Amino acid sequence: MLKVGDQAPDFALPNADLEKSELGDYLGKRNLVLYFYPKDSTPGCTIEALEFSDLMDDFQAVETDVLGVSMDNCLSHGDFRDKNGLTIGLLADIDGTLCQDYYVWKEKEAHGEKRMGIQRSTFVIDKQGVIRHALYDVKPKGHAQVVLELVKAL
């Protein structure tokens, strides 16, 4: 698992508009909240995305961008964004490489069945690319506000 003080693993992934987003885009300029979620348009993921979107002005005020990452494709991300009026960026980690780099690809159990999936997790990365907070296995409701308070304290 990643921990506070680790260098954030690099990434270059397409967003909902098929534009590449890279960690280097933020280095030296802005803090980054990188959050991983299981699936577009599911109840918990929608709550989390809406809460982050609702707080975007507050994140922007503290020089911070927010990106959500799942293994859904760009088309799915676009539909999810447009249907819910999301203002955060959504990255498509189709092959799960970034999920593995951030140690969020885990075995999960639901309804007595074990399978692999994304563990809902959030990373606060400072302008130097250093992980300042690594939050694994979070709950969606109220999480965005907690993350905003952590970013404000940087």
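I looked up helix H5 (residues 143-152) and noted its buried residues: His 143, Ala 144, Val 147, Leu 148 and Val 151. Buried means under 20% relative accessible area, with a 1.4 Å probe and protein chains only. Helices (H or I, at least four residues) and strands (E, at least two) are DSSP runs, numbered from the N terminus. The model is predicted: local features need pLDDT of at least 70, side-chain atom pairs count only at pLDDT 80 or more, and totals for chains, interfaces and linings use all residues. Residues are numbered from 1 along each chain as its sequence is written, and side-chain values use heavy atoms, with hydrogens and water left out.

The buried residues of H5 pack against several elements, including helix H1 (43-54) and strand E3 (31-36). Contact here is heavy atoms within 4.5 Å.

Next I checked the cores. A nonpolar core is a set of buried Ala, Val, Leu, Ile, Met, Phe, Trp, Tyr and Cys residues joined through side-chain atoms within 4.5 Å. The largest has 21 residues, and Phe 123 and Ile 125 are among those with the most contacts inside it. E3 gives the largest share, three residues. A second, separate core of 19 residues includes Tyr 35 and Ala 144.

Last, cysteines. I found zero disulfides, a disulfide being a pair of cysteine sulfur atoms within 2.5 Å. The sulfur of Cys 45 is too far for a bond, because the closest cysteine sulfur, in Cys 99, is 12 Å away. Cys 45 is buried, at 1% relative accessibility.

Notes. Buried means under 20% relative accessible area, exposed over 50%, partly exposed in between (1.4 Å probe, protein chains only).
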